[in-house]
Amino acid sequence: MNDNGASSVLTVHYLLNAFRRLKLGAAHGLDGVAMEAIVYGGHRLCVHLCTLFNLFIKYSILPRPFMRSVIVPLVKNKSGDLADINNYRAIAISTACSKLLESVISEWFYTDSDCDKFQFGFKPKHSSGLRTSVLKHTIDYYRQRGSHVFTCFIDFSKAFDKVNYWKLFNKLIDDKVNYKFIKLLSVWCSSQQCVVRWRNVYSTSFAISNGTRQGGVLSPYLFTRYIRELVASVATSGIGCKIGNQFINILAYADDIVLIAPSWRALQKLLSILYTQATAIDLSCNVNKTFSIIFSPIQRRKAIHSQFPMFKIGDSFIEHVERFKYLGHIISNNGMDDDDIKREIRLMFVRTNLLIRKFHRCSLRVKVMLFRAFSMCLYDIALWSRYTVASLSKFKSCYIKCMKSFFGYRRYDSVTQMLIDIGLPSFNTVMFNSRTSFLRQWSSCPNNIVDMFRSLQM
């Protein structure tokens, strides 16, 4: 909806639709008002908010408390260095009213492009697991046909924080977004204030002159729109992996980007294109966290070489690695999922030991809820397709050991009786449910790339 006419005036109907998209139970902003207080405030409150928002849009002005948000640092890797500033992700918590306004006006900012099919982040019926699955399917397709596959996992340095507002606004103007909303957003972005909360202690407020707020309602779309030309320049280059009539040379999940090519020279050209486009929008590649993985053909006799030169992006070289943790899933250059199974085993033991230490005296009902929520949060185990029997047997043994330890059963007690007593599913049931759920998501994903792989599997 990018019209510039009278239909851009907000109505109560738009607010009611926005209520359905808002998440309840979220953290409060600096004003202390919960989202539930607005959603369940009644029609009279909705009318007043509609009038208020229309005044904001008409005069392009926002009150200062409305533009204030609190930044909460979250640890990226709890087993990493907690004193390292780069090990924290800053999440901005806005006020409930500002979230509502962002949700209402998001309809006027939304535009689409054919290259959006390569972006799996912040889209309905898409997920990081789907993006990883597409990557693995592409790699397997080429390896089974006797080809090398060259991949490079790009990490941009503080990508969300380096978004240039004025370049973003120019892109929105090119999309013919209503000028009233762009003007309101420009005032909002140029005047926003933030404070940092650490252990319930608040810092003094400070201004933010660039970047999209991680945690904002509009921020996900604004960032994906900001890098759309970057993704499109690689996708339409005619270089890289191609299946049927579809090039699959880049896959994105927000700022996590992977480049895919069947030859060394092709991937180097893709890196040069990406570097040029990233420089144009003020993004810089973090070479310390950017790695390349080279996959050899499944039939070893078809491998043309065992070693290749290092790739280069800008003036920096990119390190070759044998495995890489990609969106929580470990990708290995041999195409096996054993390393990822070992990762899941370690995490299950860690989570269960934490539950035993803190909640061993709770009732059975509470323990079952805790075990379901923490120990059974198995991340994309449906992606496992190639693994040894021994690895999966170790994971099954880990599942049973953790359950017996937490619920106080002895080593040689019957597993079947234990499952009946506590009402939890068996390991085989968990695996089956996970695969069924992922297949349901795979079949319902409205993406041309996923459709292509679905047709190949039929």
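1. The model is predicted: local features need pLDDT of at least 70, side-chain atom pairs count only at pLDDT 80 or more, and totals for chains, interfaces and linings use all residues. Residues are numbered from 1 along each chain as its sequence is written, and side-chain values use heavy atoms, without hydrogens and water.

2. In α3, Cys46, Leu49, Cys50, Phe53, Phe56 and Ile57 are buried (under 20% relative accessible area, with exposed over 50% and partly exposed in between; 1.4 Å probe, protein chains only). Seen down the axis, these residues fall within an arc of 125° (taken from the directions from the helix axis to the C-beta atoms), so they line one face. The face turned away carries the exposed Arg44, His48, Lys58 and Tyr59.

3. Aromatic rings of Phe, Tyr and Trp (its six-membered ring) pair if their centres lie within 6.5 Å; planes under 30 degrees apart are stacked, over 60 edge-to-face, and the rest tilted. The count comes to 26 aromatic pairs. Among them, Phe150 and Phe308 are edge-to-face, 5.0 Å centre to centre with 90° between the planes. Phe150 lies in strand β3 and Phe308 in the loop between β11 and β12, so the pair ties together parts 158 residues apart in sequence.

Conventions: Helix = DSSP H or I, 4+ residues; strand = E, 2+ residues; numbered from the N terminus.
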